[in-house]
Amino acid sequence: MPPRINIPPVTRICLIVLLVQSVLSAAIRYRQWTANSEIVIPYLNLIPQLSLVYPWTFLTTTLVESNIFTLSIAGFTLYHGGRYLERAWSGRELAKFLLIVSLVPNALVFATTIFFFALTRNEGWTLMTIAGTIPIQISFLVAFSQLVPAHTVTLFRGILSLRVPRFPLLYIGLVTLLCLTPMLTAASFLLAIYGLTVSWTYLRFYKPVFPDLDASQPAHLRGDASETFAFAQFFPGPVRPLASSISDQVFNVLVAMRLCTPFSAADVSAARGDHHHHNFAQRGVPGSARAEAERRRALALKALDQRLHAATANAAARASNAPPPPAVVPPIPSATGPTVQSQPQAGAQKTMTVQGGGEMLGETSYNPDGDDHK
């Protein structure tokens, strides 16, 4: 019996959509192929000049690959990365994450191509195809950088060892090199840049730490203020101070635009695993694994306390809205004080005896089958 492949539902749906749309795109391009023209599919891929009447392409274009090489990489990434994240988060959180890192980078690349067209009047910008799973791939690397920041990957039999937060920048470098070949376009480079920034911003400031809680959870249960997930951690040590300074300035602009909410001093202190106050601009200093574990333990305790308070409040509300217990009505005696007793007897017949005033008034027996007799 062959082994059963267990794929979580959201990952399975993404893989099926990727395969179906990529095969459909290849079939259409094969039927319309000519030697002197480039085939574009505006109702499946996002093309700035042609796809405005097909708004769904802002989402569907992410799960379309144009060749077998990129399709294989996309399938491998979705299968392994999607399974890991769906089990670490939940299917709902993974679906929300995929929706954000697909829709927002595509919209930003669309706006960027329109800007360059207005600047250069080069129509090639508006006819550029924006497609592929590049934003999903780099966002998975960013998510792994948050979940396992201290993990080291050994390549080429120990010749090269890299920590997980180094991979997003390495991926951007690889995409940049491939953009110099016919395999990828400038849109792919923009997708990688925007995919990195959008996914990090969502995980840093907006993603719920415990998504199964109610939507009104406090700010310290959203995002990740730990030092190990600072934006500067994606860069090598020599350029990390410069990257930290630039990221601080961008962050201040986003706060002024009310697109991000700054962490409080208590959040930053708890994320660093100590009780000393530090300057928020020093987010580039890496924290220890023990501090990270203590931070997550403290968040878990706070979430548990919130759950207990919510359960207590719900129980009190149900108790206040519960109907009163039914009143027990005592039997009403007759003038001579009779009572009525029903005494079940063994067998097929039952006897009802009416007593009153100390003497037998009458006795009636009946059969449950309906044949009453005296």
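Reply: Let's begin with burial: a residue is buried under 20% relative accessible area, exposed over 50%, and partly exposed in between, using a 1.4 Å probe and protein chains only. What you have is a predicted model, with residues numbered from 1 along each chain as its sequence is written, and with local features needing pLDDT of at least 70 while side-chain atom pairs count only at pLDDT 80 or more. Totals for chains, interfaces and linings use all residues, and side-chain values use heavy atoms, with hydrogens and water left out.

The part I'd pick is the loop between α4 and α5, where R121 is found. Helices here are DSSP runs of H or I of at least four residues, strands are E runs of at least two, and both are numbered from the N terminus. R121 counts as exposed because its relative accessibility is 63%. Its backbone deserves a glance too: phi of R121 is near 60°, a positive value in a residue other than glycine.

Stay in the loop between α4 and α5 and you come to T126. Here the relative accessibility is 4%, so T126 counts as buried. For plain contacts the rule is heavy atoms within 4.5 Å. Setting aside neighbours within four places in sequence, T126 is in contact with I47, P48, Q49, I114 and F117.

What does the record say about this region? In an unreviewed entry, UniProt lists residues 53-76, 97-119, 125-148 and 169-196 as "transmembrane region". Those positions are in the numbering used here, feature names are shortened, and annotations may be inferred rather than shown by experiment. In the model, residues 97-119 are 100% helix and 0% strand, with end C-alpha atoms 33 Å apart. Residues 125-148 are 58% helix and 0% strand, and their end C-alpha atoms lie 38 Å apart.

Now for another loop, the one between α2 (57-60) and α3, which holds T62. T62 is buried because its relative accessible area is 1%. The side chains of T62 and N106 are joined by a polar contact of 2.8 Å. Leaving out residues up to four places away in sequence, T62 touches S102, N106, G132, T133, P135 and I136.

From here, step back to the packing. A nonpolar core is a set of buried Ala, Val, Leu, Ile, Met, Phe, Trp, Tyr and Cys residues joined through side-chain atoms within 4.5 Å. The largest one has 51 residues, and L78, F140, L203 and F234 have the most contacts inside it. At least two residues of this core come from each of α1 (9-31), α3 (68-88), α4 (91-120), α5 (134-147), α6 (167-179), α7 (186-206) and α8 (240-256). α7 gives the most, with nine residues. L203 touches W89, F97, V142, A143, Q146, G223, D224 and F229, not counting residues up to four places away in sequence.

Helix α1 has V10, which counts as buried because its relative accessibility is 17%. V10 and L98 are 88 residues apart in sequence, yet 9.7 Å apart in space, C-alpha to C-alpha. Beyond residues up to four places away in sequence, V10 touches E86, G91, L94, A95 and L98.

Finally, the chain as a whole. It has ten helices and five strands, and 37% of its 374 residues count as buried. Among contacts between residues at least 6 apart in sequence, 64% join residues at least 24 apart. pLDDT is the predictor's confidence in each residue, from 0 to 100; the chain's mean is 77, and 68% of residues reach 70 or more. Residues 274-289 have pLDDT below 50, and this stretch has 32 contacts in the model beyond near neighbours in sequence. pLDDT also stays under 50 over residues 335-374, for which the model has 31 contacts beyond four places in sequence.

Methods:
A polar contact is a pair of N or O atoms within 3.5 Å; within protein, one must be able to donate a hydrogen and the other to accept it, and residues adjacent in sequence count only if both atoms are side-chain atoms.
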